[in-house]
Amino acid sequence: MDREPVAGICAEDVTHYQDLARQYAKKSVLPIFQDEYSDGNLSLLPDKLKTAFEIGIAAAPDESLAGCQYGIWGGALEETGIMPSVLLLSVIAETCGGIAMCLHAQGVASNLLLGVKRKLPFIPVRAALCLQEGFCPPFIGTVISPDKDAPAKITTTAVLKNNKYIINGSKSFVYSMNDVDAYVVLGRVNDQWGCFLIGANEKGVERTDVGVRTGLRACLVEHVRFNNAEIPPEARLDDGDARELVIRALNLNWTGMAAIATGIAKGAAGAARKYAAERYQGGTQIEEHPAVKMLIAGAEAGIASAQATVFSLQDSSLDSLQKLRKSAAAKLTVMELCSRAVTDCLQTFGGYGYMEDFGMEKRLRDVTVLKSASGSPTYLKQIIFDIEKEGAL
Amino acid sequence: MNHSLEERIEQLKLKNATQKMNAFGRLLVDNREMSLWEHDTKTLSWGVRRWRRKALKFSREYIRPLAPQADLHPHDYDPKPILAAAARHGFQTLLLVPPLGSASIIPYFRGTVFQVAVVGEEFATECGGLALLLLAHNLGMAPLLLSGSLRNIFRQMIPFYLKSHILGRPECMAFAITEPGAGSDVEETEGGAKAKLITTAKYSSELNGYILNGQKCFISDGAIADKVTVYARLEDEGIESWTCFLVERGMKGFSVGRSERKMGQRASDASELIFDNVFIPKKNVVGKLRSGWANNRNVLNYSRPVVGAMALGHGRGAFERCLEFCRRTNLGPKRLIEYQDVQLELADMAISLWAARSMIWQSCKQFRCYQSGSASAKVFASDTAFKVCNQAMELMGDHGYLHSNGVERLWRDSRLTQIYEGTNQINRLALFEHHLSTDFKMPVE
């Protein structure tokens, strides 16, 4: 078993988090794939996610639950840094990227809720973040200067009327576990960001599944529309400007997705190594063929770089723009490295890599979705450039 | 005169600026306003152009409406109607010229598979699975033609063609070389020499024919084919004895095993074929005994440019859908297509596709396809197609991975073209092998 040298976290803790994730992956995630389902038997998923809450891997805003502090993106994030969550996500993603994405989405929403000091009208167990609208995540500055010739504007608005916030607008590509209790919605209040907690079954909340997708199918993806949804003022999470929460949400989102991609690629490389040692062609194991060696070695080198990039995100504040720039750059490069690694590992399987039997095609589908999701490369490049530009933020 | 910036930009566009040239100068500037597709089509000879237009029409009319459901539920659709429609339109008989087949005569003798490649690209823009369903038939038929045996051509290929072309019967053929323990091995010389093959044919003097035993896997159209060209070694001999046999559906002992569950190209089956003491009459031996290896390698030389063309089709399909998405999607105050970074990316995709198309067309513009040309075209086109599909998905952001937008389906389809007809690594070695005695000659000590 490898032990990752990780800055800012002791070796025992690394081992602890990795072992915890490995146990969960082995006992809960792996059984989903025992029948002939390319994405696992998803009817077993609710039970497996319940286990994640029980053993404290899944974070929840409810302080009575085990993962509240030390679950993925739990409340202890300021104290431990991102590394425990990165390790957990990465190890789980080696077995299933979709389940890792479920836990990640739950964690991001929980983290925003756990940061609220005042009493909320209700505490959900399962929550999801609603940030993106239409084509891509917001360009941070556009809500501040809505009249500027900026490429995107936040159209979800909250208006205070009769001591209630009225929310209107629609959010797209909301990732979550199934059956969420509430949404954490980032929208516009006058010309500033606001962050709100809205019950999933509130009047005026409409949810639509996005339909058949390429990958990460264990994770639910919806479009959520708010049509005059009314919430009490206490359900506003920020103190007048939620810009820092937007930055934090994007930071966590991209860091977590990069960690998941690294895990998927590591899983693919492990499977390729194993297959190459077992499969014979040309009278010898295929690991003896230079073509296969080159593919696997190239993939492993790419994964090492990707992992180093993700680990480098450990030391900086989650609410800073500089960190946001780093996590955008990390998502951009890590996705490229990991998708290249996965496709090369799949290639070593020949025709079998394309079939559902070995799970390689699932890994490729999953990592490809991660690359486009919540910030495509074009968008990320734009935001990396814009962060440095005065006035854009 | 004071012109606005827009007016000045308008004046500087080549088409308008040309008006200031003299008549002869104007004649030398190509200012025709036509699409990328039309521009390329105009470069083709009349016969090939005709098939390109016909295939585009067919793919829009027949393949497009069927594609999403055939991909989602491959076992719930009937492939026979589309096979019959393709046969009626002459797409299933392009390996021979009239009156026996349907290929345009002069282009056929200038490039045997050129017309098939052109058709393959058009079909694949709509659906990789349905394109494979229709085109794998040509692959199954090719050993009969390339065996050079008039006996096989007249007795087996032509009757099949006539039924298909004249009666529009939805019959199809499949090509079976891959075995569970030998995938890449049967597509490359060194691997072939060491391959462990299980499909064998034993001569029976009593029955005056061969008894076939063994198994093949990943056979495209294997589950629906009426006839299959199967390669088997002769008993107690190695792969050098490989012989091609024509196995017919209904022959005793011939059955179809499991159908693979694939990531893409799902509308076409990839099946396991099982031969359990199947009696093959002597007349069903394709070409000469022990000529199978050469026949197989030559079939690959002819089929690889077509696979490259199919890959190109996947890339083009993804590009066209992405372009349409960029036209109709707003980002802030403007359409996506109005942003320069999006334009750069779209242009890059179009350039890549044009390069791949040029290579494919070049590789099959001769009567005999050759190993290095075919392998190079297949590798470049399939790598390019996968790259373009990825670019399209990325440009569309989260919308790229939705099945309803069609791009992700083509992305899944395109990945297979880097694997079948020899993995791209095997194809690279094929290029090297072809020129081993010339360009890549080993130094003499």
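**Helix packing, chain folds and the A–B contact in a predicted model**

In chain B, helix α13 (residues 340–363) and helix α14 (residues 371–395) approach each other with their axes within 9 Å and cross at roughly 160°. The crossing in which α13(B) passes α14(B) is left-handed. As for the residues that form this contact between α13(B) and α14(B), 14 are nonpolar, seven are polar and two are charged.

Two packed helices are described by the angle between their axes and the distance between the axes. For helix α8 (residues 114–126) and helix α9 (residues 128–146) of chain B, the angle is about 155° and the axes lie 8 Å apart. α8(B) and α9(B) are therefore roughly antiparallel to each other. On the side of α8(B), the contact is made by V116(B), G120(B), F123(B) and A124(B). The partners on α9(B) are G128(B), L130(B), A131(B), L134(B), L135(B) and N138(B). Seven residues of the contact of α8(B) with α9(B) are nonpolar and three are polar, with no charged residue taking part.

The secondary structure of chain B amounts to 16 helices and ten strands. Its radius of gyration is 24 Å, close to the 22 Å that the globule rule gives for 445 residues, so chain B is as compact as a globular protein of that length. The C-alpha trace of chain B extends over about 100 × 55 × 50 Å along its principal axes. Of the 445 residues in chain B, 53% are buried. Among contacts in chain B with a separation of 6 or more, 73% involve residues 24 or more positions apart.

P99(B) is found in the loop between α6 (80–88) and α7 (105–110) of chain B.

Two asparagines of chain B have a positive phi. N208(B), although not a glycine, has a phi of about 55°. The position of N208(B) is in the loop between β2 (200–204) and β3 (209–220) of chain B. With 12 or fewer other C-beta atoms within 10 Å, a residue counts as exposed; N208(B) has 11 and is therefore exposed. For N277(B), also a residue other than glycine, phi is positive and near 55°. N277(B) belongs to strand β7 (residues 270–281) of chain B. Like N208(B), N277(B) is exposed, as 11 other C-beta atoms lie within 10 Å.

Elsewhere in chain B, S404(B) sits in the loop between α14 and α15 (407–416). S404(B) counts as partly exposed, because it has 13 C-beta neighbours inside 10 Å. A separation of 7.9 Å is found between the C-alpha atoms of S404(B) and P68(B), although these residues are 336 residues apart along the chain.

Along the principal axes, the C-alpha trace of chain A covers about 80 × 45 × 40 Å. Buried residues account for 56% of the 393 residues of chain A. Where contacts in chain A join residues at least 6 apart in sequence, 71% of them link residues at least 24 apart.

The two chains also touch each other. Chain A gives 39 residues to the contact and chain B gives 37 residues. On the side of chain A that touches chain B, the elements that give two or more residues are β3 (164–176), β8 (280–281), α10 (351–354), α11 (360–372) and α12 (377–387) of chain A. Six residues come from α11(A), the largest share of this side of chain A. By residue class, the side of chain A that touches chain B holds 16 nonpolar, 16 polar and seven charged residues.

Key. Residues are numbered from 1 along each chain as its sequence is written. Chains are lettered from A and ligands numbered from 1 in the order in which they are written. This is a predicted model: local features need pLDDT of at least 70, side-chain atom pairs count only at pLDDT 80 or more; totals for chains, interfaces and linings use all residues. Helices (H or I, at least four residues) and strands (E, at least two) are DSSP runs, numbered from the N terminus. The radius of gyration is taken over C-alpha atoms; the globule rule is 2.2 Å times the number of residues to the power 0.38. A residue is buried if 20 or more other C-beta atoms lie within 10 Å of its own, exposed if 12 or fewer, and partly exposed in between; C-beta atoms are placed from the backbone. Two residues are in contact if their C-beta atoms, placed from the backbone, lie within 7 Å. Axes are lines fitted to C-alpha atoms, for helices over the stretch in contact, and angles run from 0 to 180 degrees between N-to-C directions. A crossing is left-handed if the near helix is turned anticlockwise from the far one by less than a right angle, and right-handed if clockwise. Ala, Val, Leu, Ile, Met, Phe, Trp, Tyr, Cys and Pro count as nonpolar, Asp, Glu, Lys and Arg as charged, and the others, Gly among them, as polar. Angles under 35 degrees count as roughly parallel, over 145 as roughly antiparallel, 65 to 115 as roughly perpendicular and the rest as oblique.
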